[in-house]
Structure formats: structure tokens, C-alpha cells
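Student: Could we go through this model together, one question at a time?

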Amino acid sequence: MDRRQFEKIRSVFDRSGIALTLSDLTRPDQPLVLANPKFLSMTGYPEAEILGRNCRFLQRDGDNLEERAEIRQAMAAGREVQAVLRNFRRDGSEFNNLLFLHPIGPPGAPTHYLGSQFILRMAWGSEPQAMAHVDTLLHDMTRIGVQAERLEMEQRRHLAEATAVLIRAWERRR
Ligand SMILES: Cc1cc2nc3c(=O)[nH]c(=O)nc-3n(C[C@H](O)[C@H](O)[C@H](O)COP(=O)(O)O)c2cc1C
């Protein structure tokens, strides 16, 4: 990724109302290279404590094993993926993180992943807010240029459906 694209991503991240992160897959253990203000306020971490670390620092050891395996598989194949993960803020408080991951770079061989985090708050009522999150996410990705504008509506339908299925399955498990 060249400097210009990185700065473009940073400017979209800075202005976004949703949590956004960027990981570099070309570096060992896929460290975070960008985290926006919304992500910092959601998790309670200052930027200096998290850049350069893999985002699994929000988890506790031994948690989310199935979801992590799914994420590793999808990322190895360069695919998008969504999962609900048990995470902890800097102050130790717990939250359920609906995580969206999207590849950036050549198809099938991404150099980066964009992550977006949404807090699932209770066993009901999260779905409409999650749908609004999907809209903002796709809009931001279109502005960055990783999502083609002409495909945005199609991708929206797909991502909204996948997200609804995921939330309903999560609600049943609780
Ligand atoms: C851009 C990006 C953002 C991520 N954000 C989170 C997050 O907010 N919370 C989390 O638990 N995992 C997050 N992850 C997933 C972990 O970094 C890691 O990929 C996952 O735990 C599976 O790998 P592991 O089994 O080696 O930990 C993110 C990954 C990427 C690439």
C-alpha cells in the first residue's frame, strides 16, 4: 500500500462514526497500523498502547476458539468474514464484539485487512443498529476505494443478510 492510499484510509477513519482498524498482513503477526478515535473510545486504549500489536489483545486466553479458527481460515484465503467475539476493554469490562473483516489489496492476496467493531449490547434490539453499522461500513469502504460504488447495494444486501444470521445465532446461544 502506498503512502497516498494509507493517508486516504486514515482520513476516512478519522471522520467515521464507527470503530475502524487496519492490520498489516505483510508484517509478523499482522499488527494494527491504524485505529480510529471511535475504536479507542470503545475499548479505552490510547493509540500508543495498541499500534504494532495484533488485535487479539482484546481477548482473554482460551476464549473464542471456534471464531478465531474461522477468522484465521478466512484471512488465509483472503476472504471477508464476520464473527462475534468476547472482548475486554482496558478497564477489564466485557463486551460482545461483532467484528467485520474485509481484505484490502490484490484479490486472493491481500496486504491488509480492514476491521470494524460493533458492540452487541443485549439479547434483543441490536439488529437494526447493526444494519446501520453495515451501511456506514460499506459507505466508508467505498470512500476508501476498497468497495466499488456500483457493487455497494449488492454487497449491502449480502452483508446485511450474513450479519442478521450471525446475530440470530448468537442470540440463540446466549
Ligand atoms: C483488522 C483486524 C481487526 C481485528 N479486530 C479484532 C477485535 O476487535 N477483537 C478481537 O478479538 N479480534 C480482532 N481481530 C482478530 C484477531 O486479530 C485475530 O485475527 C484472531 O484472534 C484470530 O487469530 P488468532 O487465533 O491467531 O488469535 C482483528 C483482526 C484484524 C485483521
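Student: Leaving aside its neighbours within four places in sequence, which residues is A164 in contact with?
Tutor: This is a predicted model, in which local features need pLDDT of at least 70, side-chain atom pairs count only at pLDDT 80 or more, and totals for chains, interfaces and linings use all residues. Residues are numbered from 1 along each chain as its sequence is written, and side-chain values use heavy atoms, with hydrogens and water left out. Contact means heavy atoms within 4.5 Å, and once neighbours within four places in sequence are set aside, A164 has contacts with E127 and M131.

Student: In which helix is the place of A164, and is A164 buried or exposed?
Tutor: Helices are DSSP runs of H or I with at least four residues, strands are DSSP runs of E with at least two, and both are numbered from the N terminus. By that scheme A164 belongs to helix α6. Buried means under 20% relative accessible area, exposed means over 50%, and partly exposed lies in between, with a 1.4 Å probe and protein chains only. The relative accessible area of A164 is 5%, so this residue is buried.

Student: At what angle do the axes of helix α5 and helix α6 cross?
Tutor: Axes are lines fitted to C-alpha atoms, for helices over the stretch in contact, and angles run from 0 to 180 degrees between N-to-C directions. The axes of α5 (residues 127–144) and α6 (residues 152–173) come within 10 Å, and their crossing angle is roughly 145°.

Student: How many nonpolar, polar and charged residues has the contact of α5 with α6?
Tutor: On the α5 side the contact includes E127, A130 and M131, and on the α6 side it includes T163, A164 and I167. For the classes, Ala, Val, Leu, Ile, Met, Phe, Trp, Tyr, Cys and Pro count as nonpolar, Asp, Glu, Lys and Arg as charged, and the others, Gly among them, as polar. Sorted in this way, the contact of α5 with α6 has nine nonpolar, four polar and five charged residues.

Student: Which residues is D140 in contact with, leaving aside its neighbours within four places in sequence?
Tutor: D140 also lies in helix α5, and because its relative accessible area is 4%, D140 is buried. Apart from neighbours within four places in sequence, its contacts are with V12, S16, I18 and L20.

Student: Leaving aside its neighbours within four places in sequence, which residues is V84 in contact with?
Tutor: V84 is part of strand β3, which covers residues 81–88, and at 7% relative accessibility V84 counts as buried. When neighbours within four places in sequence are left out, V84 is in contact with E67, N96, N97, L98, L120, L166 and W170.

Student: What value is phi of D29 near?
Tutor: D29 is in the loop between β1 (19–24) and β2 (32–35), and with a relative accessible area of 44% D29 is partly exposed. Its phi is positive although the residue is not glycine, with a value near 65°.

Student: And what value is phi of N64 near?
Tutor: N64 occupies the loop between α3 (47–50) and α4 (65–76), and because its relative accessible area is 11%, N64 is buried. N64 is a residue other than glycine with a positive phi, and that phi is near 55°.

Student: What radius of gyration does the protein have?
Tutor: The protein has six helices and five strands, and its C-alpha trace spans about 45 × 35 × 30 Å along the principal axes. The radius of gyration is taken over C-alpha atoms, and the globule rule is 2.2 Å times the number of residues to the power 0.38. With 174 residues, a compact globule would have a radius of gyration near 16 Å, and the value for the protein, which agrees, is 15 Å.
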